[in-house]
Every structure is written in C-alpha cells, then in structure tokens.
Amino acid sequence: MNNTDKKQQTKEKILHTALEFIKKEGFEAVTIRKIADLSTTNISLVNYYFGSKENLLSEAIEVILSGFQHTFSILDNTAIPPQDRLKQFLFDYLQVIRQYPELLSRVIVMGSTPFTSQQEYGRFLNMMGFPKVQSTLKELTGEQRPERLLAMMLQIFGAIFLPALMSPILESGAAVEMPSIEEQLNLLFDRYFDK
C-alpha cells in the first residue's frame, strides 16, 4: 500500500468512527479527542485531515446527506406505480433518518448553520428532489397547480418527519411504542390518497 492509500484509509477510518459515534451519541457529544481515541489515531491526525471539529462534522453530515440523496432515485422508476414509488421513497428516506435521528432536528433547528453540505443538500432538493416528489404527486393525483403540489409535498413530509423527530423522546421518555415505519406510511397513504 502506498502512502497516499494509507492516508486515505486513515482519513476514512476517522470519518467512519465519527459517523458511528454520531449515530450512538449525537453531534453534541463529538470531540476531537473522543474521535481520535475511538479511531485509534491521535488528535494531531484528526486535525491534520479535518482541521477542526466543525470540518469533521461537516464532512460527516455530507456523508449522511448523500444517503438521503440516493433515496430519490426510486422516483425515477416509472415502471413502478406512482403510489408505490412514493411510498418506497418515503420508507427509504425514513430509514436514513432513523440511522441518524439527531440529523433532521439539527438541520431544521440550525438550518442557517453554514455547513456546506446542508447548503449543497438544499440545492439538491431544489434541483432534483423536490421536483421528483412533485412530479410523482402530479402523476398520482392529477394535480397540476405547482403551489398545491408544494403544499401536498410539505404535508406529506411533515406527517412523516414529525413522528421521526419525536420517536426518540416518545419511546424513551414517555414509554410510547411507535408504530413501524410501514404502519405509519400505510396509514398516511390510506388517509391522504383514499379516493
């Protein structure tokens, strides 16, 4: 293995460690020292590859957001009926959210935080994601008015994101057992698209 490959491997190891730590402990618990210890590297290496905790978190968020981005590709498969496409998209999207529950609340609460990856994801949603969801809704409902399609999309996202945001609180603090993602989506689709 050459030196460049070894450097890349070390950087990826640190990033992977940060991602796993974020999954378990959340963003606020991340420190350079903890990531260095858990990745069996040292603080100097973490700083060398990322420069700061903020840069490490930004790259971690970028990796997480790329997981969201791939979920939109299901909406391109017109061989699948539009309702099934939309349901599969939302299911996959929620699976990513469940891996990193703090991410969604962090993006919503700190939406103005200048993480490049959040800005890139916002641009992606406007260029690719939102139009794909709106196009699928148009196909599913026959609605043509852009403002109505936007409202429908926001209602659907709100109906799935709020439970995803609240589930850690409800499950641990209030001992509420949340329905499965499939059950939540089936209920939403039965109510929203029932003709």
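Reply: The model is predicted.

Me: Which residues of α4 and α5 meet?

Reply: I64, G67, F68 and T71 of α4 meet F89, D92, Y93, V96 and I97 of α5. By class, the contact of α4 with α5 has 6 nonpolar, 2 polar and 1 charged residues.

Me: Which residues of α5 and α9 meet?

Reply: From α5 come Q83, L86, K87, L90, F91, L94, Q95 and R98, and from α9 come I181, E182, Q184, L185, N186 and F189. The contact of α5 with α9 has 7 nonpolar, 4 polar and 3 charged residues.

Me: How do you know whether α8 is roughly parallel or roughly antiparallel to α9?

Reply: Helix α8 (residues 146–172) and helix α9 (residues 181–192) have axes that come within 11 Å and cross at roughly 150°. Since angles over 145 degrees count as roughly antiparallel, that makes α8 roughly antiparallel to α9. In passing α9, α8 makes a right-handed crossing. The contact is made by M152, Q155, I156, A159, I160 and P163 of α8 together with Q184, L185, L188 and Y192 of α9. These residues divide into 8 nonpolar, 2 polar and no charged.

Me: Where does UniProt place the feature "transmembrane region"?

Reply: An unreviewed UniProt entry places that feature at residues 149–170. In the model, residues 149–170 are 100% helix and 0% strand, with the end C-alpha atoms 31 Å apart. For "DNA-binding region", UniProt (unreviewed entry) lists residues 31–50. Residues 31–50 are 75% helix and 0% strand, and their end C-alpha atoms lie 13 Å apart.

Me: Why does T17 count as buried?

Reply: Buried means under 20% relative accessible area. T17 has 13% relative accessibility and therefore counts as buried. T17 is found in helix α1 (residues 3–25). Leaving aside residues up to four places away in sequence, T17 touches I35, L38 and S39.

Me: What makes T40 exposed?

Reply: Exposed means over 50% relative accessible area. T40 has 61% and is therefore exposed. T40 lies in the loop between α2 (32–38) and α3 (43–50). Most residues other than glycine have a negative phi. The phi of T40 is near 50°, a positive value in a residue other than glycine.

Me: How many helices and strands does the chain have?

Reply: The chain has 9 helices and 0 strands. Of its 195 residues, 39% are buried. Among contacts between residues at least 6 apart in sequence, 68% join residues at least 24 apart.

How values were computed:
Residues numbered from 1 in each chain as written. Predicted model: local features only at pLDDT ≥ 70, side-chain atom pairs only at ≥ 80, totals over all residues. Heavy atoms only, no water. Helix = DSSP H or I, 4+ residues; strand = E, 2+ residues; numbered from the N terminus. Buried < 20%, exposed > 50% of the residue type's maximum accessible area, 1.4 Å probe, protein only. Axes fitted to C-alpha atoms, helices over the stretch in contact; angles between N-to-C directions. Parallel < 35°, antiparallel > 145°, perpendicular 65-115°, else oblique. Left-handed = near helix turned anticlockwise from the far one by under 90°. Contact = heavy atoms within 4.5 Å. Nonpolar A, V, L, I, M, F, W, Y, C, P; charged D, E, K, R; others polar. UniProt positions renumbered as here; feature names shortened; annotations may be inferred.
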